[in-house]
Amino acid sequence: MTIKIVAVDKTEYIEIVNVWEVSVRATHDFLTEADIQFFKPKILNEYLKAVEHLWCAKSSKGQIIGFVGVAEDNIEMLFISPESRGNGVGKLLTSYAVEQLGANKVDVNEQNTQAVGFYERLGFKVVNRSEVDGLGKPYPLLHMQL
């Protein structure tokens, strides 16, 4: 499969949010439906605009199969469509974020053990922990760094 890494255009935000939702449903089993519905408009209306860099992976057919958002030196978001997981898309986007965008940190939900393991395999180490997420919700975060 040929994958291209390209900047996300604002006209693609709905497609990005759709990738976010199917990815979250596949990997964040600790979130409730109410949580997903709470975050979905925030992703679309606030969080995508808040990152300095928003890049996506597109399949050879032009479909967005994953995306990464970086602010300063922190990977703020990395989501891969479920059918594309395990195919190197996450690693490709993370490498792009590190090598091209200067990212060297990421915050990961502690309950998302797959993501924690993914980042550890790429060389990230836990340097700190927070009991709650950035909105004060009871989802502990692991602060990881290369």
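Predicted model: local features only at pLDDT ≥ 70, side-chain atom pairs only at ≥ 80, totals over all residues.
Residues are numbered from 1 along each chain as its sequence is written, and side-chain values use heavy atoms, with hydrogens and water left out.

**The sheet**

Helices (H or I, at least four residues) and strands (E, at least two) are DSSP runs, numbered from the N terminus. Seven strands form an open sheet in the order 1-2-3-4-5-7-6, with mixed pairing, where two strands pair if DSSP finds at least two bridges between them. Strand 1 (4–7) and strand 6 (125–130) are the edge strands, each pairing on one side only, and from one strand to the next the twist averages 30 degrees. Strands of a sheet pair through backbone hydrogen bonds, either parallel or antiparallel. Strand 6 and strand 7 pair in the antiparallel sense over five bridges, and N128 stands opposite H143 in strand 7.

**Helices across the sheet**

The angles in the table run from 0 to 180 degrees between N-to-C directions, and the axes are lines fitted to C-alpha atoms, for helices over the stretch in contact; contact means heavy atoms within 4.5 Å.

| Helix | Lies across | Angle |
|---|---|---|
| Helix 1 (residues 13–27) | strand 2 (53–58), strand 3 (64–71), strand 4 | about 95 degrees to strand 3 |
| Helix 4 | strand 4, strand 5, strand 7 | about 155 degrees to strand 5 |

In helix 4 (residues 113–121), the buried residues are A115, V116, G117, F118 and Y119, where buried means under 20% relative accessible area, exposed over 50% and partly exposed in between (1.4 Å probe, protein chains only). Their cover includes strand 4 (74–80), helix 3 (89–101), strand 5 (105–109) and strand 7 (141–145). Just after helix 4, G123 takes a positive phi of about 105 degrees.

**The cores**

A nonpolar core is a set of buried Ala, Val, Leu, Ile, Met, Phe, Trp, Tyr and Cys residues joined through side-chain atoms within 4.5 Å. The largest one has 22 residues, of which I75, L78 and Y119 touch the most other members, and its largest share, five residues, comes from helix 3. Apart from it lies another core of 21 residues, including W20, F30, L54 and Y139.

T94 has its place in helix 3 and counts as buried because its relative accessibility is 3%. Leaving aside neighbours within four places in sequence, T94 is in contact with I75, L78, F118, Y119, L122 and F124.
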